[in-house]
Amino acid sequence: MERTEYEVMAAVESRHWWYGGMRAIAAALLDEVYPGRRDLRILDAGCGTGGNVVFLQRYGCVTAVDLAPEAALFGAERLRSRLARATVLALPFADSCFDLVTSFEVLYHRGVPDESVALRETWRVLRPGGRVLLRLPAFEWLRGRHDSAVHGRRRYTTNEVRELLQQQGFVVERISYVNTLLLPLPLTQRLIERLLPDVHRNGSDLQLPPAILNEALRWPLAAEAAWIARGRTFPVGLSVICRARKVRGGDPGIAN
């Protein structure tokens, strides 16, 4: 990502409605299979400035990797000794050493030209029966200026995410679109960007909105988290979230 995006992320990710809402949705999927667990060995693959590392500590011991020097620079307080500077294409860990690998908005970056390589590495470091929780931006027709700012390479459908995971031997347990109820907002923004391409907005999409608006925007994502926790899905949304499992005895690269 651009350096300025890391700066903004570090400043707002503990308070911004989007980060809080996405963590609530992730928690709904994790609590379903790890109720009461505090002993998991977890890898956050592509940790950014570390906000999700703090969130994941409720489930166990968290290790983080990120290739960008800005991750260590702006996330130093959150990450401390947890961070290894490495690419998700070559994880510096032994085989079968993690119970859970998380990857939030990482595999779509230009720095990951082939998702299958990263997913094979995820498979390798997971223990048999371990899980991956993956979140990616949805639908190419929702591409906008923010994708350019964060060096986004592509966007995905649920079918594409499912196929990528199954090709590496994972069994998909849950998959859905999310950030659905607020979809009219980014749709309007993308339309404006296309109709008025010469109009440049100042600042990042991740800037913290006024306190009242920030609080109001939390509620739709909280409702989505509750819906996901009930085992339901959404047919469309700004992101795809998926939880998949490494089947015991499976082979990477062979769909189950």
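Q: Why is Asp 99 called buried in this predicted model?
A: The relative accessible area of Asp 99 is 14%. Buried means under 20%, so Asp 99 is buried.

Q: What makes the contact between Arg 127 and Asp 99 a salt bridge?
A: The side chains of Arg 127 and Asp 99 meet at 3.0 Å, N to O. The cut-off is a Lys or Arg side-chain nitrogen within 4 Å of an Asp or Glu carboxyl oxygen, so the pair counts as a salt bridge. Arg 127 lies in strand β5 and Asp 99 in strand β4, so this pair ties together parts that are 28 residues apart in sequence.

Q: Why does Arg 127 count as partly exposed?
A: Its relative accessibility is 30%.

Q: What makes Glu 115 and Arg 154 a salt bridge?
A: The closest N and O atoms of Glu 115 and Arg 154 are 3.1 Å apart, and the criterion asks for within 4 Å. Glu 115 lies in helix α6 and Arg 154 in the loop between α7 (145-149) and α8, so the pair ties together parts that are 39 residues apart in sequence.

Q: Is Glu 115 buried or exposed?
A: Glu 115 has 6% relative accessibility. The limit for buried is under 20%, so Glu 115 counts as buried.

Q: How many salt bridges does a search of the whole structure find, and which residues are linked in a network?
A: The search finds 17 salt bridges. Glu 32, Arg 131, Glu 173, Arg 174, Arg 243 and Arg 245 are linked in a network of them.

Q: Why are the buried residues of α8 said to line one face of the helix?
A: Thr 158, Val 161, Leu 164 and Leu 165 are buried in α8. Seen down the helix axis, they fall within an arc of 130 degrees, so they line one face. These residues pack against α6 (115-125), β5, β6 and β7.

Q: Where does helix α8 lie?
A: Helix α8 (residues 158-167) lies across β5 (126-137), β6 and β7 (239-246), and runs at about 160 degrees to β6. Just after α8, Gly 169 has a positive phi of about 100 degrees.

Q: What makes β3 and β6 edge strands?
A: The open sheet has seven strands in the order β3-β2-β1-β4-β5-β7-β6, with mixed pairing. Strands β3 (83-84) and β6 (170-178) each pair on one side only.

Q: How do you know that β1 and β4 pair?
A: Pairing needs at least two bridges, and three join β1 (residues 40-45) to β4 (residues 98-104), which run parallel. In β4, Leu 100 is the bridge partner of Ile 42.

Q: Which residues touch the most other members of the largest nonpolar core?
A: Leu 43, Leu 107, Val 161 and Leu 165 do, in a core of 73 residues. Helix α2 (residues 17-33) gives the most to this core, with ten residues. Among the residues that Leu 165 touches are Leu 119, Val 132, Phe 170 and Cys 242.

Key. Residues numbered from 1 in each chain as written. Predicted model: local features only at pLDDT ≥ 70, side-chain atom pairs only at ≥ 80, totals over all residues. Heavy atoms only, no water. Core = buried A, V, L, I, M, F, W, Y, C linked by side-chain atoms within 4.5 Å. Buried < 20%, exposed > 50% of the residue type's maximum accessible area, 1.4 Å probe, protein only. Helix = DSSP H or I, 4+ residues; strand = E, 2+ residues; numbered from the N terminus. Contact = heavy atoms within 4.5 Å. Axes fitted to C-alpha atoms, helices over the stretch in contact; angles between N-to-C directions. Arc of directions from axis to C-beta. Lists of a residue's contacts leave out its neighbours within four places in sequence.
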